[in-house]
Amino acid sequence: MSNMADVIIVGAGVQGASLAFHLAQRGVKSIVLEKKFVGAGATGRSSGLVRMHYDVREDTQLAWASFQYFRNWKEIVGGDCGFTRTGFIQLVAPPDVETLKANVAAHQEIGVPVILIHADDVKRLAPSFATDDVALAAYEPESGYAMPSDTANALMNAARQKGAQLVQDCAVTGILADGKVKGVQTTQGEFLAPIIVNAAGAWAGKVNELVGLDLPYDTWRHDTMFVARPPQIGPSHPTVIDFANEMYFRPEGNLTLVGLEDGNPFGESPDNDTDHAKKGFVERGIDRICRRIPIMENGGLHSAHGGYDGITPDQHPLLGAAGPDGFYLDCGFSGTGFKTSPAVGLCMSELILDGKSKTVDLSIYRPQRFAQGKPIVGKHPYTSSTWH
Ligand SMILES: Cc1cc2nc3c(=O)[nH]c(=O)nc-3n(C[C@H](O)[C@H](O)[C@H](O)COP(=O)(O)OP(=O)(O)OC[C@H]3O[C@@H](n4cnc5c(N)ncnc54)[C@H](O)[C@@H]3O)c2cc1C
């Protein structure tokens with residue numbers, strides 16, 4: 001095992017793996033240091049929604065560029081990401097109908113396959129859904145979900161085949177720097193590289209502290225549950241974000257995965273128990289899903305658990321150089337960094353190797369934006385929105 005590389009990546013979540021893959025495609029050797037195992041953080045608990053609906057142009061561009069990977073995974077990456085096309089419906093609260101129209105028009109301009117549909121269309125796509133409150137919805141027929149751990153492992157395996165090195169059970173505990181980064185100290189000794197990328201998810205704030213970088217960064221907890229669907233609903237249903245009920249859901253085999261947009265605490269230790277959902281979550285989740293799918297009352301709880309992601313004040317990632325020379329941030333995905341991970345890895349590799357990302361311009365995500373008083377704001381924001 002070598003301890004020298006061109007780039008050291010801290011964290012083997014889907015983001016660290018995607019960056020390692022794209023660097024390897026350019027012939028650049030990375031060492032990925034992971035304190036547990038691939039996908040041990042947010043990635044392993046991610047709901048895996050793959051869709052393009054956002055209110056920030058660059059978010060949609062990143063999701064759309066990533067979508068080309070998800071639907072052509074074998075050819076581009078190899079292995080399997082578990083992409084399942086279900087169609088995606090974006091439901092909004094009645095005051096947000098005009099905003100929905102504006103966002104859909106913006107997505108169509110980018111080339112995303114999406115149309116506006118009405119309550120009777122939603123009923124045809126999903127006969128079990130209650131649609132009385134639906135005035136208008138957005139429908140992405142190509143979208144769905146993928147398997148986040150499989151996605152991260154496929155990226156990491158492909159990167160390793162092209163020369164990347166993965167070291168698991170290896171926590172980064174210090175960063176060697178004298179104005180420029182030189183390497184890291186870990187629980188398995190020193191590793192050296194002139195470029196270090198912080199892709200440590202909910203733990204990235206701690207890694208920033210190792211170089212004295214003080215950026216606004218917090219942790220965000222999110223619980224999800226799986227419900228066994230009653231057979232009357234049929235073999236599947238679309239993937240849905242339901243702002244009116246502050247919820248999202250998608251099928252997984254005979255189960256339906258449900259997550260809630262509200263009640264996700266900030267500031268907890270990401271080392272807390274994630275094997276169980278917080279008290280009260282399941283009751284709230286069942287109440288919400290039964291509002292949209294009343295017959296789910298005949299369903300049964302399968303399981304529930306949680307996960308932690310890094311979050312920033314504008315709920316957008318920190319992407320770019322900061323701190324000592326050679327130190328880069330690729331973190332803070334704020335609960336929505338799975339679906340964009342292929343393109344973020346590509347763009348970060350362009351930024352690191354070419355000085356600028358050309359696939360999608362990452363400059364709005366620069367870590368300095370808060371100090372500059374320029375947080376990211378949606379062009380057509382919804383009254384209720386947390387993205388997944
Ligand atoms: C429950 C849940 C559901 C979600 N659903 C969706 C969704 O449907 N769609 C979507 O797009 N996004 C979703 N997200 C968000 C998405 O999963 C995350 O944004 C994404 O997985 C972040 O990937 P990452 O690689 O940045 O972080 P992580 O996957 O957390 O990876 C960071 C890694 O760094 C390692 N690490 C930390 N500190 C150190 C250290 N000092 N040394 C070495 N290694 C270290 C950790 O062990 C971890 O493996 C969800 C998140 C959660 C929690």
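## Helix packing

A crossing of two helices is right-handed if the near helix is turned clockwise from the far one by less than a right angle. In this predicted model, the crossing of α1 and α10 is right-handed. Helix α1 covers residues 14-25 and helix α10 covers residues 341-354. Their axes lie 8 Å apart, at an angle of about 55 degrees. That angle makes α1 oblique to α10.

The α1 side of the contact consists of V14, Q15, S18, L19, H22 and L23. These residues meet S341, P342, V344, G345, L346, M348, S349, I352 and L353 in α10. By type, the residues of this contact are nine nonpolar, six polar and no charged.

## A three-stranded sheet

Strands β3, β8 and β4 form an open sheet, in the order β3-β8-β4. The pairing is antiparallel. β3 (49-50) and β4 (84-85) are at the edges. Each has a single partner strand, so one side of each has no neighbour in the sheet.

Strand β8 spans residues 144-145. Two bridges join β8 to β4, and the two strands run antiparallel. Within β8, Y145 stands opposite T84.

## A buried asparagine

Helix α8 (residues 204-210) contains N208. Is N208 buried or exposed? N208 has a relative accessible area of 2%. The cut-off for buried is under 20%, so N208 counts as buried.

Which residues does N208 contact, leaving aside its neighbours within four places in sequence? They are N198, L213, L215, F327 and L329.

Definitions and conventions
Residues are numbered from 1 along each chain as its sequence is written. This is a predicted model: local features need pLDDT of at least 70, side-chain atom pairs count only at pLDDT 80 or more; totals for chains, interfaces and linings use all residues. Side-chain values use heavy atoms; hydrogens and water are left out. Axes are lines fitted to C-alpha atoms, for helices over the stretch in contact, and angles run from 0 to 180 degrees between N-to-C directions. Helices (H or I, at least four residues) and strands (E, at least two) are DSSP runs, numbered from the N terminus. Angles under 35 degrees count as roughly parallel, over 145 as roughly antiparallel, 65 to 115 as roughly perpendicular and the rest as oblique. Contact means heavy atoms within 4.5 Å. Ala, Val, Leu, Ile, Met, Phe, Trp, Tyr, Cys and Pro count as nonpolar, Asp, Glu, Lys and Arg as charged, and the others, Gly among them, as polar. Two strands pair if DSSP finds at least two bridges between them. Buried means under 20% relative accessible area, exposed over 50%, partly exposed in between (1.4 Å probe, protein chains only).
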